[in-house]
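The exercises below are meant to be worked with the sequence and the model side by side. Try each task before reading the solution under it.

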Amino acid sequence: MDQFLQQVINGISLGSIYALIALGYTMVYGIIKLINFAHSDVYMVGAYVGYFSMTTLHLGFFPALLFAMLVSTLLGVVIEKIAYKPLRNATRIAVLITAIGVSLFLEYGTMFFVTASVRSYPAMTGLLAGSFKVGNIVISMQQILIVVTTVILMILLQFIVKKTRIGKAMRAVSLDQDAAELMGINVNTTISFTFALGSALAGAAGVLVGVYYNSINPLMGVLPGLKAFIAAVFGGIGIIPGAMIGGYFIGAVEVFVSGYGNSMYRDAIVFAILIIILIVKPTGLLGKNTREKV
Amino acid sequence: MSILSVKKVTKSFGGLTATSNVSIELEEGELVGLIGPNGAGKTTIFNLLTGVYMPTSGTITLTKNGTEKVLNGLKPYTICKAGLGRTFQNIRLFKDLTVLDNVRIAMHKNVKYGFISSLFHLPSYQREEKKLIEESMKLLGIFKLESKKDEYAKNLPYGEQRHLEIARALATNPNLLLLDEPAAGMNPAETAELTEIIGWIRGKFNLTILLIEHDMSLVMKICERIYVLDHGMIIANGTPNEIKSNKRVIEAYLGEAADNA
Amino acid sequence: MKKIYEVHGMKKLVSLALTFLIIQLLISTNIIDDYLQATLVTICINIILSVSLNLITGFTGQFSLGHAGFMSIGAYVCALTVIRMPTTLGFILGVFLGAATAALVGCLVGLPTLRLQGDYLAIATLGMSEIIRIIFLNLKITNGAAGLNGIPQFVNWLWLFIFTAGTILLITNFLKSSHGRACISIREDEIASESIGINTTKYKVIAFTFGAFCAGIAGALYASYFYFLKPDLFGFLKSIDVLVIVVLGGLGSISGSIIAAILLALISTYLQSFPEVRMIFYSLLLVIIMIFRPQGLMGSKEISFSVFSKLGNFFSSKKGRV
């Protein structure tokens, strides 16, 4: 029982990370129907910025987190302007190929400059280094930090999307870009803002992962990125609550497969979930069915 | 001899009913029109007939050589093989392929060589390919498109693109041909030419034709019978003269168009 | 009485024979030394991979990011066969078993997933390829992460040429047939294609399976030349490698794929010692091509033999005849 609850705690932490990353995928897909392959690398860059903030700039955790989120935001917006905007009217395959190109560029560009070697985040001190026990289960402060940060950010996101004008604009553009433009919405700004939001969340996830798992490397975004994307698809691509649900689901699956089953096939199971979902209900858990008009 | 029997077909998309209890009967060799205001559900009926949509209720039966075949739930390519050919309201040619390719691909289902032959270009391949080109050129000839056989479909003028779509549908060797607004965007001279061609191919290829059109000059001139659809329901069915004087039809639709016809 | 050079396919046959003999000569006289031979093998494997991916993605319009998965199946099955039967016969058997297994997997995977559109299909094929890699990583018989070493080498220029030229010929022939045109029509407009009687699912699966078969051949050739296999060689990056070739050459152009395969194999070999630079170059290439010239080098056009006959006419005494 204790092991089960411990796994639940671990699953919630991991799920929070996946949820944060998945939100970026789902928002961008919702608004311009693009699988932003480069999103996972914005997450990686966030982790590196956090690392350099804490080591070279000697910033504390929270300033480093905010700075990393800022840089990630800028990066996401720049990528959209340079690589995706010119292809707004191109085929979806063309944009997808471009996204793959941007992703590889970020990965190997980073590798070129900071080398492929794994770096370690500096150990946390003070409050963040602690942990406490509830019965036989250990909950570390870092896990609490991850979950609390994630929940705060998700609440903020929901607020922005549901209660602000720009949020309304985001929803409008994702439903019908042309109509939104005709209604006077600045589509370019709205799309940039969407990328900004998603990238900020990814950057935060990167720093949190650096603190929690301690090691970072230029290719750290590849597998988590894929899994977070699978999480977004599972919950319903384009649907924000879906990304949150999906993130926690995939986190739980991973932790329980590792803990109780065969950790070697853990990743394969997540991919298998993807294929099953795509075959059985491609629109995901919370998704609706749409048809092409003939 | 009935060739098509549509019995009380209803199609709903969630809360929206696109067609409601539609019944249509076509006899072999007839040239029948399907008219109605925009949004009445005419193309939906074509999509139901060709298997793009599945009826929510009702049956669609195709009769060929005495055998009846229920089309409900069959895939579009199976329905095509059963003898139904169609054109599309918004032209769906293979734009980046040549005129010749557009037509000969439509003959694929009747091609008599298999994969091995296609991989090694065996004699059966060479024979059949020659035949394909000959048959395609004959069809292109009807529409005076032979000289443009190597032109990309997207480069054809609009009227010729519409002709090419009909040629492609004919290439599938149909018994029943569904034409969806074949005269859309054509000027009166082109429409008159098209009217003649439609009448001619009906005879030459032993076709039954069901035709959606807004251009009343074409419909009234060539259709033997007309079904009128409004808000998803058949509101009238009869000869052109009967339809012209039908109060409900005039109310729903024909009012303005009768002045233009 | 037809002149000998007008017999159907004679031009093709002659150019093929010449290509084979010239390169064989260069190899036998060691002008193409061991180092260049490795490049030649890479070129040919790239050609097979890119032409077969082009069949699936460029001609039939099905975006596959899992080509490396099929290559790995061909590689491992061939390796395991030829290790147990280290003869030329064993090698040939290995190639066909590898290709057939890859094709079988392609068919099984294709049937349920080819209903998906565009990006969904891409991700599904990526997932499938990863599952294959993870399976090979965990099987005892493939020796997991340590890989298989000492695979008997049977690939020489003759076999390489036969399989490469063979693949190109078969795929080109297929695309010029009604079945091939059916596949192309799916790319153009799937709904219209169905409406003219083409079973689009069947033809998508056929293109996918055929492409997988050829990727399997490429994998088998890789195994029996480079004599060492490990699962990481056939990950997502390998699928991207092939995608870059197809995109550069032009989605829908066989000659484009061949030219790009040669170009990128040469660049790859040159940048061997700088793997990051190579990837940065590839990634920029992808982005720049998509933004500025999405049709790649050749678009959907082909280099035809008319080039050679025009040259021939230049040298013949009958001027004014084209």
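Two residues count as being in contact if their C-beta atoms, placed from the backbone, lie within 7 Å. The model is a predicted one, in which local features need pLDDT of at least 70 and side-chain atom pairs count only at pLDDT 80 or more, while totals for chains, interfaces and linings use all residues. Residues are numbered from 1 along each chain as its sequence is written, and chains are lettered from A and ligands numbered from 1 in the order in which they are written.

**Exercise 1.** Find how many residues chain C and chain A give to their contact, and which elements of chain C take part.

Solution. The contact takes 31 residues from chain C and 32 residues from chain A. Helices (H or I, at least four residues) and strands (E, at least two) are DSSP runs, numbered from the N terminus. On the side of chain C that touches chain A, two or more residues come from each of α4 (88–113), α5 (118–138), α10 (236–249) and α12 (275–292) of chain C. The largest share, 13 residues, is that of α5(C).

**Exercise 2.** Describe the side of chain B that touches chain C by its elements and its residue classes.

Solution. Chain B contributes 28 residues to this contact and chain C contributes 22 residues. The elements of chain B that give two or more residues are α2 (76–81), α3 (99–105), α4 (115–120) and α5 (123–142). Sorted by class, this side of chain B has 15 nonpolar, five polar and eight charged residues, where Ala, Val, Leu, Ile, Met, Phe, Trp, Tyr, Cys and Pro count as nonpolar, Asp, Glu, Lys and Arg as charged, and the others, Gly among them, as polar.

**Exercise 3.** Trace the open sheet of six strands in chain B and find its edges.

Solution. Two strands pair if DSSP finds at least two bridges between them. The order in chain B is β6-β7-β8-β3-β9-β10, with mixed pairing, and the edge strands, each pairing on one side only, are β6 (84–86) and β10 (233–238) of chain B.

**Exercise 4.** Work out how β4 and β5 of chain B are joined.

Solution. Strand β4 (residues 57–64) and strand β5 (residues 67–70) of chain B run antiparallel and are joined by four bridges, with B:Leu62 opposite B:Lys69. They form a hairpin with two residues between them, and B:Asn65 in the turn has a positive phi of about 50 degrees.
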